[in-house]
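Please find below some remarks on the model under review. They are set out as numbered points.

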Amino acid sequence: MINIKGLVLEGGGTKGAYQIGAYKALRDLGLEFQGVTGTSIGALNGAYILQNDIEVMEDIWLTYDYTHFMNIDEENYEKYKNIDFTAKNINNVIGLINKARKNEGIDISPLRTLLENTLNEEVIRKTNKDFGLITVYWDKRINPHPLYIEDIPNGRLIDYLIASSSLPIFKLDRMDEKLYLDGMFFDNMPVTLLENKGYSDIVVIRLVDDFFGKLNLNKHQEINVKTIIPSEYLGGSLNKDKDNVEKNIHLGYLDAMKAYDRYEGNKYYFNADYKFDEQYCFDKFIRMDKESIENISSLLGIKKDPNLRTLLENIVPKVGEMLNLNKEFSYKDLFYGIYEKKLEENSINRIQLYDFNKVVDTVNKNIHNNKNLSSNFEVKPIISLQKNKMSKILTNCFLKDFKNQS
């Protein structure tokens with residue numbers, strides 16, 4: 001095995017905007033990659049990354065609408081944009097494959113024109129970096145066709161990038177007498193292409209946090225795989241709406257930074273603040289007064305003496321579960337989670353970077369008068385909230401105690 005980094009980009013249609021943001025974060029962190037592989041949109045993004053033109057790709061994502069990728073009217077775009085092409089619902093797209101075979105799909109010749117104008121195959125080949133993609137061809141059954149750039153004839157890179165990205169809803173052109181389809185039908189996350197080249201340190205940028213992807217990753221336990229996973233659903237496979245694209249690029253950046261511990265938080269994102277370490281947060285809980293513990297025990301139906309042991313053994317696990325924290329959550333996770341719950345109650349935009357110290361100060365200033373926090377932070381009304389009155393009272397009990405300790 002060679003100790004150089006490789007990058008794997010999962011397929012997922014227009015969800016791929018997420019990978020632009022995530023890669024920008026990796027670049028800001030100083031990470032460099034000797035090899036890149038991808039499937040479908042992951043292969044397209046990978047080509048621009050190798051060309052060192054991620055800004056061009058970002059501009060394409062942000063300023064070019066769906067008409068620059070496919071010939072389709074607005075009515076049909078709205079009809080199809082939220083379709084998901086995943087292994088999970090493969091049975092639902094068999095009919096679309098049959099339509100594609102009959103050339104009844106959506107014309108994607110604008111995509112070819114766009115690639116021809118913005119991708120330079122010669123530049124990509126001269127990087128001397130490893131590049132691989134996955135496609136399949138249809139011949140009474142699906143036949144896998146994984147390729148490295150050295151396997152692709154000169155002048156044919158764009159052909160194979162389009163082949164890898166040929167979702168079954170598109171009109172498909174035959175190439176070398178074969179009908180090619182999106183590589184997702186064989187391997188939507190081609191870690192194997194890099195592992196077979198000897199890579200042992202790989203970063204994977206996912207687009208869907210699904211069971212099939214996890215099974216794929218479990219095959220590669222003998223190498224170091226760092227995975228960046230979307231923290232929320234990225235939208236349909238053809239959704240090129242600008243607000244969705246902008247959100248996904250921003251989310252990709254935030255999730256990647258959090259994956260490398262540059263940002264903190266459970267659901268929200270905060271600049272790393274070493275003041276709020278595990279010991280600081282643990283101390284906040286063990287210094288809670290008897291009255292607060294008694295009130296919280298009553299709310300949770302815990303009939304035990306309101307002492308430290310009850311707090312740590314009974315209250316803390318229940319509150320962590322109520323906040324949907326991971327089973328192995330830390331006191332820091334719980335401390336952050338309680339403040340995040342207050343942000344959520346006030347419809348504060350989740351996809352934004354915050355200063356946790358400012359959040360604590362703002363909550364402390366408003367906790368006793370129940371003043372809304374929206375004047376201090378960006379509100380995102382589209383967030384669906386679970387208006388649980390008991391959890392609100394519960395978190396307020398903690399927050400008031402934390403404030404009184406100051």
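1. Burial is used here as follows: a residue is buried under 20% relative accessible area, exposed over 50%, and partly exposed in between, with a 1.4 Å probe and protein chains only. Helices (H or I, at least four residues) and strands (E, at least two) are DSSP runs numbered from the N terminus. On these terms helix H15 (residues 331-345) is mostly covered, with 14 of its 15 residues buried.

2. This is a predicted model, in which local features need pLDDT of at least 70 and side-chain atom pairs count only at pLDDT 80 or more, while totals for chains, interfaces and linings use all residues. Residues are numbered from 1 along each chain as its sequence is written, and side-chain values use heavy atoms, without hydrogens or water.

3. The expected span of a helix is 1.5 Å times one less than its number of residues. For the 15 residues of H15 this gives 21 Å, which agrees with the 21 Å between its end C-alpha atoms. Just after H15, Ser-347 has a positive phi of about 60 degrees.

4. Strand E3 (residues 130-138) has seven of its nine residues buried, so the rest of the structure largely encloses it.

5. Strands count as paired if DSSP finds at least two bridges between them. E3 pairs with E2 (residues 35-39) in the parallel sense over five bridges, and Asp-130 in E3 stands opposite Gly-35.

6. Pro-144 in E4 is the bridge partner of Val-136. Three residues lie between the strands of this hairpin, where Lys-140 takes a positive phi near 70 degrees.
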